[in-house]
Structure formats: structure tokens, C-alpha cells
Amino acid sequence: MVPHLITALTGPINELEQRVLESMPAIERWFRLEWMEHTPPFYSAVDLRNAGFKLAPVDTHLFPSGFNNLTQDMLPLSVQAAMAAIEKICPEAKNLLLIPESNTQNSFYLSNIATLKRIFTQAGLNVRLGSLDPNITEPTAVNLADGSSLTLEPLIRSRGRLGLKDFDPCTVLLNNDLASGVPRVLEHLHEQYLLPPLHAGWTVRRKSQHFKAYEEVAKKFSKLLGMDHWLINPLTVAVAGEDLSSGAGLEALQTQVDAVLTKTRRKYKEYGIQEKPFVVIKPDAGSQGSGPITLRDAKELSAKLSASQSLQGLTQLVVQEGVVTHERVNDAVAEPVVYMMDRYVVGGFYRVHADRGVDENLSAPGASYVPLAFAQASQLPRLGEKPGSSGPNRFYMYGVIARLGAVAASYELEVTDPEAEVYA
């Protein structure tokens, strides 16, 4: 399925698709060299937006929670990638402790955990689930929508190790973004591999840091292809300081909104783009339950903040150039989400929302998910086909941009690693 892209089959993105396909050997070699120097995130998911004139990531998740949206066809690729990832970290691994989010009432999230358990079991590991929830004091079954169940068990900490009753794992896998802080039970696990590392959680991580790293990666990659990095990079600036509810931080935020809109307007003029630019304001750390605000004029800022209340009380925000999505699935607005394990694209899906506009956040109640045929497509593009018409070519291009997001995440984690060696 090639989702309907409501733009002409000419323009920057089709030129980008053509360029990416023609440069495929150079691109794959570039990634190979990057992964020789940098460690990929254990797993990741990247939200993309395809405007027809621009294709860019707008979020990179390091604790992805939508593995249940991958199709059966994608699972063999996930299992192979899991094998490669585990082999690299702990070749003799036998037991894997998987730690989900504490609030596990969401049936979709539980299906995600069940899928992860299945992937790692098929990769040759004994997988059990340990809960950070203090109310779990004995093995507790939770039922899934398909009639199956999962068993959550209380964690047992002993010196530098974490395990369960009669279960001593070599590796601990977190599927918990640590948005509410790092539990003490996870600290100083010097005798085991903890994946992803604690500094990948929202206690430490900042979107501004990620997009700063992504800009560096986009510039390197664009130089390789001889193109403008703006075509794949959303301009992002951090605004930190005063609490917005006090009004003290409003002026600084307004100045940045104005600056991003002005730069975007300049780019639109350069490329002859007729759309009106917009920005998205969101929390710098995680979602914190706060929906982003879309803004087309800095003068609207005060009224928008008052109306939404979603960003009140936050002192760390990012202002990001908005990227419209011109893709449709059954006439509903859609955006691709690409899933990776280690350095491999393992699958993806379209996040679709019938009640949202082209400039709005689609990760909201009412969203549905349409799987993509990434399993074959991302590895086997069809050379020689007309740009914009081939599913495999479109999905290969999405996989390339998503992998740039994973490279950026590896840069970001190196910078924020508290135990990194510092060379004078």
C-alpha cells in the first residue's frame, strides 16, 4: 500500500527519493561507518512527517511502546535484529528481565509487552517480567484483549544485580521511559547490562539535545548527497527559564517563535512553497501529559497558552518548525512511524487520525494504526520506478531518514553519558 500523498509527483521529496535511490551504495556505506564509531540505541521508533516538499523526523522514542502494531510478517526481522543486538552485548545471554511501565492497565501497551516478550523468546532468551509497581508483591497475572495473559513479578535487588525469585538475568531491558524519575532499584547495576541506559530516560534526556545532534547528522548526510539539509531537518530551539504561568517566560518564548517562523518563511520563499509556516511548542522532556501547541503567529501565543493550559508550569520547552503531513490513508491524515532494533529497520506503521488536521499532533486519543510493508520494502527498493509511485521506494526513504534519527540518538547518548571517559 502506498498512502496517497496529496502533492504533485514532482518537487523536492520526489527529487530526494530519486537521489536517495541513486546513492544507495554510498548511503549504506555511510551508515556502516557511523555504526563502527557509534553504538546504536538498543531499540527506537521515529515519527516522520512527509510534507511533499520536506521529510523530517519530529520525535525519536528510545523506549518504543507500539511493537503490537507491527504485522506478523515483520516479526522475523525483529527476531533477527534482537539476536544481533543481544549477541553484541552479551553473547552468552540466557535470561532477560523485561521491565514495563508501572501503570499497565492499557490493553494496547500490554499487547506491546507481549510482542516484545515473544520477539526475545524467539531470539533464544528466557523472558520474565519484573514490575516497578510497589503493589505487585507476588506473581500477578494480567489479562490481554486476545484472551492470553502476562505475569508480572516483584523485583528482587541484591547488591549490583536485579532479578526475580529463582531468576538471575544477564540483561535487564527497560520499556519504561523513566518520566517520573529513576527508581533506586535500577541504580548502580554494575554487574548486569541495563538497556537502554538510565540516561536515555526522560529524567536526563531532552528533545533539544536530540535535535541538536540530529542537525549535525543531517548536515553530514546532506553533504554526502549534495543537498540542503533543511529538506530533512526541522529547525528546533530550546527555551528554558521562567515558568510560563507567571508570564515572565512569555517574551523569550515569543521571540523564539518569531525567529523560527521568520527562518521557515525564508526557506518557503526559496523553494516556492505556498503554505503558511507554523511552529510546534512542546515540553523539552517527554510528553509529561502535555499536548503540543501549534502556532502560525507569535502574537497568538498568549491566547493559545491560556486556552490550552497544557504547558503551564513547565520551564523547559522546545520551539520546533512545524512540518505538515500531506499523506492520507482512507482520506484521514497520516504520518509514518518507523521501528528499529539496534541498527536495523524492523517495521513500521502509519499513525492515522480522522479528526486531526495536517498541522496537528496525531498521537492523541482516537488515533488508529495501519501497518506498513517495511519488512520487504525497506531492504529491497525498486530502482528505476517513477519517484513517488513505488511503496518500497517510499518506505526505503523513510527507513533512511529514521536511521538518521537513530544515529542522532547515539550521538545524544554519548554526550549525556554520566560515565563517559573524558579526554583532556
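Aspartate 166 counts as exposed, at 72% relative accessibility. This is a predicted model, so please hear every value today as a computed one. Aspartate 166 sits in the loop between strand 9 and strand 10. Its phi is near 60°, a positive value in a residue other than glycine.

You will find leucine 178 in the loop between strand 10 and strand 11. Is leucine 178 buried or exposed? Its relative accessible area is 1%, and the cut-off for buried is under 20%, so leucine 178 is buried. Aspartate 166, by contrast, is exposed.

Staying with backbone geometry, please move along to proline 196. The peptide bond joining leucine 195 and proline 196 is cis, with omega at about -20°. Proline 196 belongs to the loop between strand 11, residues 193–195, and helix 5, residues 207–225.

Next, the cysteines. How many disulfides does the count come to? The count is one disulfide. The partners are cysteine 90 and cysteine 170, and their sulfur atoms are 2.0 Å apart. Which parts of the chain does the pair tie together? Cysteine 90 is in the loop between helix 3 and strand 4, the strand being residues 95–100. Cysteine 170 is in the loop between strand 9, residues 161–163, and strand 10, residues 171–175. The pair therefore links parts that lie 80 residues apart in sequence. Both cysteine 90 and cysteine 170 are buried. The loop that holds cysteine 170 is also where aspartate 166 is placed, between strand 9 and strand 10.

That brings me back to helix 3, and to its packing. In general, two packed helices are described by the angle between their axes and the distance between the axes. Helix 3, residues 75–89, packs with helix 4, residues 107–122, at an angle of about 65°. The two axes are 8 Å apart, and the crossing is right-handed.

Which residues meet there? From helix 3 there are Leu75, Ser78, Val79, Ala82, Met83 and Ile86. From helix 4 there are Thr115, Arg118, Ile119, Phe120 and Gln122. Sorted by class, this contact has seven nonpolar residues, three polar and one charged. Arg118 in helix 4 is the charged one, because arginine counts as charged in this classification.

Conventions
Residues are numbered from 1 along each chain as its sequence is written. This is a predicted model: local features need pLDDT of at least 70, side-chain atom pairs count only at pLDDT 80 or more; totals for chains, interfaces and linings use all residues. Side-chain values use heavy atoms; hydrogens and water are left out. Axes are lines fitted to C-alpha atoms, for helices over the stretch in contact, and angles run from 0 to 180 degrees between N-to-C directions. Helices (H or I, at least four residues) and strands (E, at least two) are DSSP runs, numbered from the N terminus. A crossing is left-handed if the near helix is turned anticlockwise from the far one by less than a right angle, and right-handed if clockwise. Contact means heavy atoms within 4.5 Å. A disulfide is a pair of cysteine sulfur atoms within 2.5 Å. Buried means under 20% relative accessible area, exposed over 50%, partly exposed in between (1.4 Å probe, protein chains only).
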